[in-house]
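Subject: Structure handover

Hello,

Here is the structure we talked about. My notes on one helix and some of the strands follow below it.

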Amino acid sequence: MTDGISTAEYADRRARLSEHVRTLGAAGYVVCDPTYITYFTGFRFLSTERPTVYLQNAAGDDVIFVAEFELERTRAEADFERIETYPEYPGLEHPMRILARVAADLGLRGTIAADHDGYPGILGYIGPKLSDVTGAEIIDIAAQIETMLARKSRAEVELLRESGRWCSHAHRLLQEYSVPGSTEAEASLRAQSEATLTMLAERGSGGLLGSGDGVKAGYRGQIGHRSAWAHAVAHNIRFQPGQVLVSETGAPVWGYHAELERTMVIGEPTDRMRWLFDHMLAARKAAFDAIVPGATSADVDGAVNAYFEKHGLTSYWRQHVGHGTGLRVHETPFIDVGNSAPLQPGMVFTVEPGLYDSEVGGFRHSDTVAVTEDGYELLTDYPDDLKSLVIPANG
């Protein structure tokens, strides 16, 4: 085990997918999505317009297909018995046509299971379909793979718990630096830099997988009245007394991302702010209370909707309760009234019901939870009461 996930677990994931593929009558499968490749093999790479593709036949023989300049690194940092390459994209011969020969040599003919019928359009990529270059019938297995990703193993939950710990560390720094006179960029960059360096000092390079994968902490522009915009963008706003702040933190631990957000207020909160904050906390509790054995995603979102309707707050409610998180920060399950799928042990998602008043601001905490056999476990830990989240107006 080098990254928190054992070699045996990766092998089990591939075996479960291969069993599903056999039931479809396919000769094997092809996976193009970068997250899926990492999930099944542990191989991590920079995803560009150059195709990286993983193939496995019914007997379990596999190939990783990469651009020629990736060969040396793939040999050094991955554990594939067979690596096939192509010169460049688009090249004199398109990579997909070279891939077709690799697939044929692996015995992938007739019917092939795949997450995409060809490499997806990443960063401007254009190319022929897998069905066109192989002449095979393609059976879509993306939905099956998403189902597998949704239920985390114990090892994955531990990585998400560790991510949550670093989210909390980053948030303490962010709250400390978000003082009147400072700016969004100043507070965010200080918190992110210090948290990332501390994480590196404690864990080594083990959690950070790329140049842009440090600890994240900031506001994404949700400052003052803009905090009522659930997905604002940063404007380097200067902090002032009376502002409502909605934070955002994240910390990749071997690619797994927990999420922690808090609503804070600079200076003494107004009565209106306290009222909205208290109702947000109550709606959050309603969501937590709904995560019980036999519940569905719709039940959890419905419990929040029912609370808002009962208290005449529906006009301040703009989003569903949450979303799954793991190797991607947004993935299934989506905690929404339109999703009747049952919650299952191992699912990990955010709980973040919010109230948004354009004249006051937005009020939203976000925590990451794991579904257990008898309810849920909180993977993020940070104060949620208003007293703890007031930033002094005098700095």
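Helices here are DSSP runs of H or I with at least four residues, numbered from the N terminus. Please keep in mind that this is a predicted model.

Helix 10 covers residues 297–310. After helix 10 comes Gly312, which has a positive phi, near 65°.

Which residues of helix 10 are buried? They are Ser297, Ala298, Val300, Asp301, Val304, Tyr307 and Phe308. An α-helix has 3.6 residues a turn, so residues three or four places apart point the same way. Among the elements that cover the buried residues of helix 10 are helix 9 (271–290), strand 13 (331–335) and strand 15 (354–357).

Strand 15 also has a strand partner. Strand 15 and strand 16 (residues 361–364) run antiparallel and are joined by four bridges. Gly354 has Arg364 of strand 16 as its bridge partner.

Two bridges link strand 11 (residues 263–266) to strand 19 in the parallel sense. Val265 has Val390 of strand 19 as its bridge partner.

Regards

Note on methods. Residues are numbered from 1 along each chain as its sequence is written. This is a predicted model: local features need pLDDT of at least 70, side-chain atom pairs count only at pLDDT 80 or more; totals for chains, interfaces and linings use all residues. Side-chain values use heavy atoms; hydrogens and water are left out. The expected span of a helix is 1.5 Å times one less than its number of residues. Buried means under 20% relative accessible area, exposed over 50%, partly exposed in between (1.4 Å probe, protein chains only). Contact means heavy atoms within 4.5 Å. Two strands pair if DSSP finds at least two bridges between them.
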